[in-house]
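Please find below a note on the model under review. The comments are set out as numbered points.

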Amino acid sequence: MRRSSWLGVALAMSLAAGGVKAASAPAAGTTGIDPGNIDHNVRPGDDFWGYVNGGWARGQAIPPDRSYWGDAARLREQSAARVRGILEGAKAATPEARKMGAFYAAYMDEAAIEAKGIAPLRPDLARIAALRTPADIARFMADFERRQPLTAAIGAQSVFPISPGVGADLKDPTRNTFGLSQGGLGLPDRDYYLSTDPKMAAAREAYRVYLARLFTLTGFGQPQARADRVMAFEADLAKGHWARADLRDFDKTYNPMTEARLAASAPGFDWSGYLLKLGVPGINPIIVGQPTAMTAFAKLAAATPVQTWRDYLVAHVANAEAPYLTKAFVDADFEFHGKALSGVPELRARWKRAVDLMNLCMGDAIGREYVRRYFPPQAKAQIEAMIGEIKTAFAHRIDRLTWMAPETKLRAMAKLAALKVEVGYPDKWRSYAGLQILPGDLYGDVSRSGAFEQAYQFGKLKHPVDRSAWGFTTEPQTVNAFNYGNLLKLAFPAGYLAPPYFDPAADPAVNYGGIGSTIGHEISHSFDDQGAKLDERGRLITWWTPADAAAFKASTTALADQFSAYEPLAGVHENGRLTLGENTGDLGGLVAALDAYHASLKGRTAPVIDGLTGDQRFFIAYAQAHRWIYRENFLRQVLATDPHGADPYRADTVRNVDAWYAAFDVKPGDKLYLAPDQRVRIW
């Protein structure tokens, strides 16, 4: 199925207008729904997203500094503005406040950055120039990994072909273990190198131009020849990479090895020297995420001339550090990552980029003040109560399943009960006492922050897993919600708990359809195609009967097939296998939230408000929570790399819910209609 009604109009508008008009906060009456957003010229059964959001979409254009727009983006802008106020008002009252103020001021001091030129980069360029042997290369990669910028560490690809990390062991979630995964591509995914799609070819050419520009800026001759060598190296590296959908598979990516076994299975790279320099010599086990990718990389590493390695390392270090160097580097970085890859016409304001960095480097310190200013205790209490209601509704749904054996139901119930939920902010705040920030030294501050974070992460290897810790990309000011997998924990940051997702004054139907479906979504992740592999203690073991597993597989396959039929761009479909976890979360969350809403009525009939029944308001709130429009290049990137589907298609999840058909009188012949036996039912 291809629908151009939302993407075609939205993309044309955003590209033609250049994104000159930004959305304001959603207007809504006492219900939390603005009737003006609804397009009554669209039948709900033909295009539910268009019906709910068509009026809104006509009044939107993507801001010129963004790749997408919608309520999540608007809330991120709001959060950024609030954080800016915290940073610019940071006083010297505490050590952390002094560090925040100095770090932010260093980022904003463009004159000082320009005066330094590429001097901050020269030590690493000299180290790379001195590399002579494969062992030298391995040690340099490990050394840089220990201090790389956090913005590079959380990118679509890690800086180098090996991406190390620490996390809870899938077989024993009480223990932290060390792991290695594939990385090192400058384009977003292997498909950008391997696809014959002209759009992908254009991205490759843009990357080649960017690489040549980096070599020119760093003072190297023959920039085009060097760029060609790097491109050829990365194309060979990409051939060994796993597909995105396989990266989600717990069974495939859990491969514990000793260092000796890794070296034997992936000969050609100095694994011993790399691990020694990384600070984990003899670590056991090593969880290898993609063994065949490591084998292919090691073979390529051995066959690659040292000069090609030097070119590759220069390009990737310069790319990682570009945002913290002179305007020439910043502009080159934006021309490729912003304009070419995402279609964004305008670089984000410097203060916004500073806020993004500060959230990564000192997020908890900022978050404490953010919560004090912007997250009232009553909001936390209201959300916690709703979470309890939706967990109860989910438990009832498990109990009523006809395809699951009684013994499996008991363990599923135990797992549901074990989920730890944190609302607004973490139970325990991080300290930044060991982080050194020097005024006027942005490049050094970024490097020291990277080293501080890596030391924190690697330090976990000495201790049991701490379930109270949030991830370093999850802070109270974050606009998102999270399921921490085998930690059996959910987090709902304060930044996300705002209209249209949650409004304490809104109609209950709207809150259940908005934040309620998100709560249900995060709960359902513990029971999606991968989460379901983890038992009530978070362990990756077989705990379902074979018949249970077969029935579940049939349903999730049907959902994957349903999404794979969607075609957001001509010739480009959704990848239902890649997005299956999110789609399963959407469906499970939607029905659990609907049940909780019905239970909250306590047998009463919901009032009709603005001509809408309670169920209609619930489903409209769900669809308006997926109000996004995209730039075409960014959407193409999302479809290739993101486990979340395009939001307008996620709104179509309602077509699997019987109550939606009754609420909007959807009948055979409507484009979204599914016969009852074709509707996917999982939880």
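1. Basis of the values. The model is predicted, with local features requiring pLDDT of at least 70, side-chain atom pairs counting only at pLDDT 80 or more, and totals for chains, interfaces and linings using all residues. Residues are numbered from 1 along each chain as its sequence is written, and side-chain values use heavy atoms, with hydrogens and water left out.

2. Helices α18 and α27. The axes of helix α18 (residues 327-342) and helix α27 (residues 632-641) cross at roughly 90° and come within 6 Å. α18 and α27 are therefore roughly perpendicular to each other (a class that covers 65 to 115 degrees). Lys339, Ala340, Leu341 and Ser342 of α18 make the contact with Asn633, Phe634 and Gln637 of α27, where contact means heavy atoms within 4.5 Å. Three nonpolar, three polar and one charged residue take part in this contact of α18 with α27.

3. Helices α10 and α17. For helix α10 (residues 198-217) and helix α17 (residues 306-321), the axes come within 10 Å and cross at roughly 90°. α10 and α17 are therefore roughly perpendicular to each other. On the α10 side, Tyr207, Tyr210, Leu211, Leu214 and Phe215 meet Asp311, Val314, Ala315, His316, Ala318 and Asn319 in α17. The contact of α10 with α17 comprises eight nonpolar residues, two polar and one charged.

4. The sheet. An open sheet with mixed pairing is formed by three strands in the order β6-β8-β7; strands pair if DSSP finds at least two bridges between them. β6 (420-424) and β7 (482-483) are the edge strands, each pairing on one side only. Between β6 and strand β8 (residues 489-493) the pairing is parallel, over five bridges, and Val421 has Leu490 in β8 as its bridge partner. Helix α23 (residues 508-525) packs on the sheet and touches β7 and β8, its direction making about 155° with that of β8.

5. The second largest pocket. This pocket (an open set of points on a 1 Å grid where a 1.4 Å probe fits, with protein on both sides within 12 Å along at least five of seven lines) holds about 610 Å³ of space. Its lining (residues with an atom within 4 Å of a point) has 26 residues, of which Asp251, Asp529, Gln530, Lys533 and Lys553 are the closest to the centre. Two or more lining residues come from each of α12 (244-247), α13 (250-253) and α24 (546-564), and α24 gives the most, with seven. The lining divides into 10 nonpolar, five polar and 11 charged residues.

Conventions:
Axes are lines fitted to C-alpha atoms, for helices over the stretch in contact, and angles run from 0 to 180 degrees between N-to-C directions. Helices (H or I, at least four residues) and strands (E, at least two) are DSSP runs, numbered from the N terminus. Angles under 35 degrees count as roughly parallel, over 145 as roughly antiparallel, 65 to 115 as roughly perpendicular and the rest as oblique. Ala, Val, Leu, Ile, Met, Phe, Trp, Tyr, Cys and Pro count as nonpolar, Asp, Glu, Lys and Arg as charged, and the others, Gly among them, as polar. Grid points are joined across faces, edges and corners, and a volume is the space filled by probe spheres set on the points.
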